Amino acid sequence: MLSHLCAATSALYILWITMAHVAGQDDRERTTALKDLLSRIDLDELMKKDEPPFNFPQTLEEFEYAFNEYGQLRHTKTGEPFVFNAREDLHRWNQKRYEALGEIITEYVYELLEKECNMTKAILPVDAEGDEPTSFIYLSPDALSNPSKLLVLIQGSGVVRAGQWARRLIINQDLNSGTQIPFIRRAMEEGFGVVVLNPNLNYLEVEKAPKSSPSHPPAEVSDEPAEKRERKDEQEGKKKREFYEKYRNPQKETETERIPIRENSSSEDHVLYVWDHFVSRAAAKNVFIMAHSYGGLSFVEMMNQREVQVKNRVCAVAFTDSAHNLWLQETTKGTQDWIFQYCSNWVSSPEPLDTPLDSMLPDCPKVSAGNKLLLCLHCVPKCGFSQYNDCWFKGHSTLKANVVCCHIPQSSISGGKLFVTIPVTLLIW
């Protein structure tokens, strides 16, 4: 009896060891399979679960938004400002919706430039042919013929297009804060011709042609019967489909490719092209430039290539939070001296408006943008400039804003010192 019990115990022990070994193998296989599956999961894809299709309205009316009399974007039914999180826990979808609204606003600003500012498009390249990708800038009626003065506006980088300083300000604040329109109007009132650049429209985006399915190498010959192989393949395929179905994106984004616009494929190329084909050929004896953020870098890059022309034509440059670096951009000593004398850079600062600030790189005077909206234009006669009385426009804003004051040394002016203040919207928030 005892011997039978011992034999049974030994058999159970061996069975337990065997089962544990098999279970361990199963666990390892499952762990390996799980790691393999997890390695294929894109965290972004996980966020797309249950994401609605990207079918957004095509007009402001369809979005149920409109700009009120103060230029503020408001919901037509509730009167509330724009709400980014239209759907909780769907950040990517909310972002796509925001971008769709931004594209509509871009067209809206174009319409304002044409209808309210009486500006016209100039297609780039000027010799574009057929279906070649093109860009454009905006010109005031007298931009090329005004014999006295010309104002050139260069925005920063990003999604903003001609006429915009910051999309975020347009949507969350108002048109006066986020567009160049108030400064275009003021410049025109003061007798300036105006050129509005479009440095971020650098390519045409088109849908990619569908890729042809790659030819699969012949499967290895297996000893398994064909029916068994088919069932096995079908089961594995079903498991994969069920797994990926959990985390799939209900809609697939269209794959696109970018076709660069000739001679305008970057902000730097665009600024140089507009200088060569428009600004340098304009009749104005005095050119004033306002450049924000990356626009400042693009201006300096253009000056590297057209130094003599810029020095002969440009009277003053107003930078706002400029991204330029005279040393990294390898400017000449002559360019560095000129920028120090004829340029100022207004930057975000808690200091009062126009307070001189210390700069790690003494390339040009740096001053505080302050925290009040104060725009003015004051000019003393120079080379045919009309004399202006002090002209002040004061307002209030919760945003920082700035006045652009460019001081031209007396030695460079016959008949006195020129003090020019160009109205600038504040683009810092």
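These are my notebook entries on a few places I looked up in this structure.

**Entry 1: the whole chain**

I began with the overall picture. The model is a predicted one. I counted up the secondary structure and found 12 helices and 17 strands. The protein has 429 residues, and 42% of them count as buried.

**Entry 2: helix α9**

Next I went to α9, which runs over residues 267-277. How many of its 11 residues are buried? I found 8, so α9 is largely enclosed by the rest of the structure. The buried ones are S267, H270, V271, L272, Y273, V274, W275 and D276.

**Entry 3: α9 against α10**

I followed α9 to α10, residues 294-305. The two axes come within 8 Å and cross at roughly 55 degrees. That angle makes α9 oblique to α10. I also noted the hand of the crossing, which is right-handed.

Which residues make the contact? From α9 I listed S267, E268, V271, L272 and W275. From α10 I listed Y294, L297, S298, F299, E301, M302 and Q305. I sorted the residues of this contact by class and got 7 nonpolar, 3 polar and 2 charged.

I kept one general point beside this list. An α-helix has 3.6 residues a turn, so residues three or four places apart point the same way.

I also compared the contact with burial. S267, V271, L272 and W275 of α9 take part in the contact, and these residues are on the buried list of α9 too.

**Entry 4: helix α10 by itself**

I checked the length of α10. It has 12 residues and reaches 17 Å from its first C-alpha to its last. That is close to the 16 Å expected at 1.5 Å a residue.

Which residues of α10 are buried? They are G295, G296, L297, S298, F299, V300, M302 and M303. I then asked what covers them. The cover includes the helices α9, α11 (307-313) and α12 (333-342). It also includes the strands β5 (149-154), β9 (286-292) and β10 (314-320).

**Entry 5: α10 against α12**

From that cover I picked α12. The axes of α10 and α12 come within 10 Å and cross at roughly 135 degrees. That makes α10 oblique to α12. The crossing is right-handed.

Here F299, V300 and M303 of α10 meet T335, W338 and I339 of α12. By class I have 5 nonpolar residues, 1 polar and no charged ones. I noted that F299 also sits in the contact with α9. F299, V300 and M303 are all buried.

**Entry 6: V317 in β10**

I moved on to β10, another part of the cover over α10. V317 lies in this strand. Is V317 buried or exposed? At 0% relative accessibility, V317 counts as buried. I looked up its distance to F288, which is 29 residues away along the chain. Their C-alpha atoms are separated by 6.0 Å.

**Entry 7: I181 in α7**

I181 lies in helix α7, residues 181-189. I found I181 buried, with a relative accessible area of 4%. What does I181 touch beyond its neighbours within four places in sequence? The list is L112, L113, C117 and G163. I followed up L112. It is 69 residues from I181 in sequence, yet 8.1 Å away in space, C-alpha to C-alpha.

**Entry 8: backbone points in the loops**

I finished with the backbone. A cis peptide bond joins L124 and P125, with omega at about -5 degrees. P125 lies in the loop between β3 (120-124) and β4 (135-139).

Then I looked up two residues with positive phi. N118 is not a glycine, and its phi is near 55 degrees. N118 lies in the loop between α4 (91-115) and β3. At 49% relative accessibility, N118 counts as partly exposed; the cut-off for exposed is over 50%.

D354 is not a glycine either, and its phi is about 70 degrees. I placed D354 in the loop between β11 (343-347) and β12 (356-357). D354 is partly exposed, with a relative accessible area of 30%.

Note on methods: Residues numbered from 1 in each chain as written. Predicted model: local features only at pLDDT ≥ 70, side-chain atom pairs only at ≥ 80, totals over all residues. Heavy atoms only, no water. Axes fitted to C-alpha atoms, helices over the stretch in contact; angles between N-to-C directions. Helix = DSSP H or I, 4+ residues; strand = E, 2+ residues; numbered from the N terminus. Parallel < 35°, antiparallel > 145°, perpendicular 65-115°, else oblique. Left-handed = near helix turned anticlockwise from the far one by under 90°. Contact = heavy atoms within 4.5 Å. Nonpolar A, V, L, I, M, F, W, Y, C, P; charged D, E, K, R; others polar. Expected span 1.5 Å × (residues − 1). Buried < 20%, exposed > 50% of the residue type's maximum accessible area, 1.4 Å probe, protein only.
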